[in-house]
Every structure is written in C-alpha cells, then in structure tokens.
Amino acid sequence: MGTYKEFDDGDLDFDTTFLWSQDGDEFFVEYTEGKSNESFTIGKILGKKSLEDSEGYTVAIKE
C-alpha cells in the first residue's frame with residue numbers, strides 16, 4: 001500500500017492511499033478514493049528508465 005498526495009503552494013490539497021499490482025510489463029494502481037485508477041508501463045527516455053501512463057505520456061523519469 002502507498003500514499004498519494006497533491007500539494008498546492010506547499011499546502012496539502014488532497015491525499016489518498018493506493019494498492020498496486022503488476023501483470024507482465026504493465027503496472028496497475030488502484031486508489032481507495034477520490035482518484036481514478038491508472039495503469040503504467042516502464043519505458044526509456046534519454047537513456048533513463050521512465051514511467052509512462054496508458055496514453056504514452058512520461059509521468060516520471062528515474063534519476
């Protein structure tokens with residue numbers, strides 16, 4: 001289980017918990033409330049691993 005938080009100008013705006021699972025190369029995130037479930041895949045950008053959403057947008061890059 002993990003925690004998802006959004007901040008606005010340093011103030012906590014929203015938080016929820018989530019569970020995640022993996023099926024092959026796809027990762028599924030199920031939020032407990034207030035946010036739609038999502039799926040992600042691992043990609044590569046500029047020689048580094050990246051996390052991509054279901055539409056192919058990069059949402060994180062591993063440093």
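I count a contact when heavy atoms lie within 4.5 Å. By that rule, 3% of the protein's contacts with a separation of 6 or more join residues 24 or more positions apart.

**Ground rules.** I am working on a predicted model, where local features need pLDDT of at least 70, side-chain atom pairs count only at pLDDT 80 or more, and totals for chains, interfaces and linings use all residues. Residues are numbered from 1 along each chain as its sequence is written, and side-chain values use heavy atoms, with hydrogens and water left out.

**Overall layout.** I looked up the secondary structure and found 0 helices and 6 strands. Helices (H or I, at least four residues) and strands (E, at least two) are DSSP runs, numbered from the N terminus. The order from the N terminus is β-β-β-β-β-β. The C-alpha atoms fill a box of roughly 35 × 30 × 20 Å along the principal axes.

**Burial and surface.** I call a residue buried under 20% relative accessible area, exposed over 50%, and partly exposed in between (1.4 Å probe, protein chains only). Of the 63 residues, 17% are buried. The accessible surface is about 5100 Å², and 46% of that belongs to carbon and sulfur atoms. The areas come from the Shrake-Rupley method with a 1.4 Å probe; for residues, only the protein chains shown count as cover.

**Charge.** Lys and Arg count as positive, Asp and Glu as negative; His and the chain ends are not counted. Each charge is placed at NZ of Lys, CZ of Arg, CG of Asp or CD of Glu. I get 6 positive and 16 negative side chains, with the centres of the two sets 13 Å apart.

**Patches.** A patch takes residues with over 30% relative accessible area and no salt bridge; like charges are joined within 9 Å, nonpolar side chains (Val, Leu, Ile, Met, Phe, Trp, Tyr) within 5 Å. A salt bridge is a side-chain nitrogen of Lys or Arg within 4 Å of a carboxyl oxygen of Asp or Glu.

Which residues gather in the negative patch? I find Glu-6, Asp-8, Asp-9, Asp-11 and Asp-13. Strands β1 (2-8) and β2 (11-23) each supply at least two of the patch residues. Asp-8 sits in β1 and counts as partly exposed because its relative accessibility is 46%. Asp-9 is in the loop between β1 and β2. Asp-9 has 75% relative accessible area, so I log it as exposed. The phi of Asp-9 is near 50 degrees, a positive value in a residue other than glycine.

I also checked the nonpolar side. Ile-45, Leu-46 and Ile-61 make a nonpolar surface patch of about 300 Å². Ile-45 belongs to β4 (residues 38-45) and is partly exposed at 32%. Leu-46 lies in the loop between β4 and β5 and is exposed at 79%. Leu-46 also has a positive phi, near 50 degrees.

**Asp-53.** This residue lies in β5 (residues 48-53). Asp-53 is buried yet has no salt bridge. How far away is the nearest side chain of opposite charge? That is Lys-35, at 9.8 Å. Not counting residues up to four places away in sequence, Asp-53 touches Ser-39, Phe-40 and Val-59.

**Glu-33.** I placed Glu-33 in the loop between β3 (26-31) and β4. Glu-33 is exposed, with 54% relative accessible area. Leaving aside neighbours within four places in sequence, Glu-33 is in contact with Phe-14 and Thr-16. Glu-33 and Gly-56 are 23 residues apart in sequence and 24 Å apart in space, C-alpha to C-alpha.
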